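Me: I am new to reading protein models, and I would like to go through one slowly with you. Could we take its features in turn, with the general idea before the particular case?

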Amino acid sequence: MIQHVIIHQPWQQIRQTAAQLKDSITTSVESSKQSTQPALEDTVATIDESEQNRQQELSALKAAFAHTQCQYLVVSFTTDWRFAPERSQEIVDALMATGKPVSYINVDAPHGHDSFLFDIPRYMGSVRGFLTAPFISDSKSKQPAKGTNQNSQQKAGARS
């Protein structure tokens, strides 16, 4: 024999329980909003602070490169965690912002920071190409003395 148990609660109790449930949900939602809002504001503040730090670092890099007179080759390796490609890109950005001649290559290599120790064709070719390329002279530079070969003078001064 199956018995059914029916619990009857007076309507007043049901209304009171529903009101308590509604109050509990409202309190929970409001509490969630209050705790989320500062977190959102903190996140925005952190992003703003991070961007300010990035701009300060870029300014410092630009100042450091402002008086240099050479060509640059910046090489990064995709798996290098010690000197990440993102940091190399920041250096390149600063050099470009100061109008310096810069070449950049990000080499895909499995050896992390030690990749520069390996004979990786793309890396070696880039360094070789940079070292053997003609020097890009500044338009303000002096003209070579009579009787000197301009190409040899440019190459000789290219990496000094």
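Predicted model: local features only at pLDDT ≥ 70, side-chain atom pairs only at ≥ 80, totals over all residues.

Me: In what order do the elements of the protein run from the N terminus on?
Reply: The order is α-β-α-β-α-α, and the secondary structure comes to four helices and two strands.

Me: In which sense do strands E1 and E2 pair, and over how many bridges?
Reply: Strand E1 (residues 72-77) and strand E2 (residues 102-107) pair in the parallel sense, over six bridges. To get from E1 to E2 the chain passes through helix H2 (residues 85-97), and this β-α-β crossover is right-handed.

Me: Which residues in H2 are buried?
Reply: Pro-85, Ser-88, Val-92, Ala-94 and Leu-95 are buried in H2, while for the protein as a whole 16% of the 160 residues count as buried.

Me: How many salt bridges does a search of the whole structure find?
Reply: The general idea is that side chains of opposite charge can pair when their charged atoms come close. Here the search finds three salt bridges. In one of them, Asp-93 pairs with Arg-54, and their closest N and O atoms are 3.9 Å apart. Asp-93 belongs to helix H2 and Arg-54 to helix H1, so this pair ties together parts that are 39 residues apart in sequence.

Me: Which side chain meets that of Glu-57 in a salt bridge?
Reply: The side chain of Glu-57 meets that of Arg-87, at 3.2 Å from N to O. Because Glu-57 lies in helix H1 and Arg-87 in helix H2, the pair ties together parts that are 30 residues apart in sequence.

Me: Where do Arg-87 and Glu-90 lie, and how many residues apart are they?
Reply: In general, an α-helix has 3.6 residues a turn, so residues three or four places apart point the same way. Arg-87 and Glu-90 both lie in helix H2, three residues apart, about one turn of the helix, and their side chains meet in a salt bridge of 2.9 Å, N to O. Through shared partners, salt bridges join Glu-57, Arg-87 and Glu-90 into one network.

Methods: Residues numbered from 1 in each chain as written. Heavy atoms only, no water. Pairing = 2+ DSSP bridges. Right-handed = clockwise from strand over helix to strand, strands pointing away. Buried < 20%, exposed > 50% of the residue type's maximum accessible area, 1.4 Å probe, protein only. Salt bridge = Lys/Arg side-chain N within 4 Å of Asp/Glu carboxyl O.
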